[in-house]
Amino acid sequence: MRAAELFEQERSNAEIARMLEVSAESVRRWKRVWEKGGTHALRRRPAAGRPSKLDDAQVEQVRTALEQGAQAHGFEADLWTLERVGLVVERVMGCLCRGHRCGGC
C-alpha cells in the first residue's frame, strides 16, 4: 500500500525501491498492477497452491527452529537451502513431509 502512495506522488521506481528496501523489479511489477487496477489490485491475495499441512502452532515451531540458524541444526555452513529446510521441518514435526513419504502431518 505504501508503494501505491509513492506511485501517486510520482516518485521514481528506483527511489521507491530504496525507500521500501525491495528490488527494482518488484516495484516495476507492482506499478504495472497498480496502473491496470489501482490500489485495490495491490492488496494481498490468499496464497495459491496446496493448503499447508501444518497448523499455525506448527508453523511457529518450524519458524523458531529456522531462526536458530542452519549450524544450530548440524549443517556446516549457516546457509538455508530448500533441502535443509525440509529436513528441519521433518525433524521438528517428526514426520517425512517431502514427496510421497508423508503420511500426513
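Trainee: What does buried mean here?
Mentor: A residue counts as buried when its relative accessible area is under 20%. Please keep in mind that this is a predicted model.

Trainee: How much of the protein is buried, then?
Mentor: Of the 105 residues in the protein, 26% are buried.

Trainee: Which elements does the protein have, helices or strands?
Mentor: The protein contains five helices and zero strands. Read from the N terminus, the order of elements is α-α-α-α-α.

Trainee: Is the protein compact or spread out, and why?
Mentor: The protein is more spread out than a compact globule, because its radius of gyration is 19 Å, well over the 13 Å that the globule rule gives for 105 residues. Along the principal axes, its C-alpha atoms fill a box of roughly 50 × 30 × 20 Å.

Trainee: And what share of the contacts join residues at least 24 apart?
Mentor: That share is 27%, counted among contacts between residues at least 6 apart in sequence.

Trainee: Turning to α4 and α5, at what angle do their axes cross?
Mentor: Helix α4 covers residues 56-67 and helix α5 covers residues 82-93; their axes come within 10 Å and cross at roughly 125 degrees. Therefore α4 is oblique to α5.

Trainee: Is that crossing left-handed or right-handed?
Mentor: The crossing of α4 and α5 is right-handed.

Trainee: Which residues make the contact?
Mentor: From α4, the contact uses Gln58, Gln61, Val62, Ala65 and Leu66, while α5 contributes Val85, Val88, Val89, Val92 and Met93.

Trainee: How many of those are nonpolar, polar or charged?
Mentor: In the contact of α4 with α5, eight residues are nonpolar, two are polar and none is charged.

Technical notes. Residues are numbered from 1 along each chain as its sequence is written. This is a predicted model: local features need pLDDT of at least 70, side-chain atom pairs count only at pLDDT 80 or more; totals for chains, interfaces and linings use all residues. Side-chain values use heavy atoms; hydrogens and water are left out. Axes are lines fitted to C-alpha atoms, for helices over the stretch in contact, and angles run from 0 to 180 degrees between N-to-C directions. Helices (H or I, at least four residues) and strands (E, at least two) are DSSP runs, numbered from the N terminus. Angles under 35 degrees count as roughly parallel, over 145 as roughly antiparallel, 65 to 115 as roughly perpendicular and the rest as oblique. A crossing is left-handed if the near helix is turned anticlockwise from the far one by less than a right angle, and right-handed if clockwise. Contact means heavy atoms within 4.5 Å. Ala, Val, Leu, Ile, Met, Phe, Trp, Tyr, Cys and Pro count as nonpolar, Asp, Glu, Lys and Arg as charged, and the others, Gly among them, as polar. The radius of gyration is taken over C-alpha atoms; the globule rule is 2.2 Å times the number of residues to the power 0.38. Buried means under 20% relative accessible area, exposed over 50%, partly exposed in between (1.4 Å probe, protein chains only).
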